[in-house]
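Let's go looking for the open spaces in this protein. Have the sequence and the 3D view ready as you read.

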Amino acid sequence: MEGVSVRKIKKICVFCGANSGKDVAFVNAAFHLGEVLGKRKIDLVYGGGKLGLMGCVSTAVAQHERQVLGIIPSAFTVNNLVGETCGKEIKVATMQERLVMMMELSDAFIALPGGFGTLEELFQMISWAQLSIHNKPIGVLNINGFFNGLLSFADHAVKQEFITPRARKILISATTADELVDKLQAFRFEPDPALSKLKWSPSSSQKEKLDLTLRL
């Protein structure tokens, strides 16, 4: 669109369920999202394995010859609990290490339908953006109204003055994959003037992972 800068997105991290859900539309949408990423030459970062919607989106991206990276806690690999990752796999020790690595290696984030784990990952990325730990776009693919309740809650929290209108803009939503990727590319981060002054320092470890310790 003329006059609107487009963010360069090379890797998108997708959070979604390890189950397929009740509605076949969820599976179809996960496959279609993978196809859209592949056609747009965008690589995938995800939680690893091949179960549920996670397996659908990763398979579709791989079929379009784009890179797939699964970041998975070692505990999940015991007895092949989640199946074989479709692409390269990085094993980590903890769930928190997994999420930090996802943040570092991705240019944007998309949530498909899922359960508590998906919501935890989504809200962790939103809260880190609010704190200016990262400035990357975050969106939900609202298939058949799955996220209607969540979006209504966010709006309600704004009205009750627990979420600022500025922070509410962090969470993007769309009903189709193409529309959502377009919105992610057009996203302009608006940091909170106060929170953006917080100092977050890199870890001294050899891997230089992000240390989320706040220095006051």
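Helix H4 (116-130) gives the largest share of the lining of the largest pocket, four residues. Helices (H or I, at least four residues) and strands (E, at least two) are DSSP runs, numbered from the N terminus. Strand S1 (11-15) and helix H3 (95-105) also give two or more residues to that lining. In total, 21 residues line the largest pocket, and Cys16, Ala18, Met54, Phe76 and Arg98 lie nearest its centre.

What counts as a pocket here? On a 1 Å grid over the protein atoms alone, a pocket is an open set of points where a 1.4 Å probe fits, with protein on both sides within 12 Å along at least five of seven lines; lining residues have an atom within 4 Å of a point. A volume is the space filled by probe spheres set on the points, which are joined across faces, edges and corners.

This is a predicted model: local features need pLDDT of at least 70, side-chain atom pairs need 80 or more, and totals for linings, chains and interfaces use all residues. Numbering starts from 1 along each chain as its sequence is written, and side-chain values use heavy atoms, without hydrogens and water.

| Pocket | Volume |
|---|---|
| Largest pocket | about 340 Å³ |
| Second largest pocket | about 170 Å³ |

H4 turns up again in the second largest pocket, where the largest share of the lining, four residues, comes from H4. Helix H5 (148-159) and helix H6 (165-168) each supply at least two residues there too. Among the residues of this lining are Phe123, Leu150 and Arg168.
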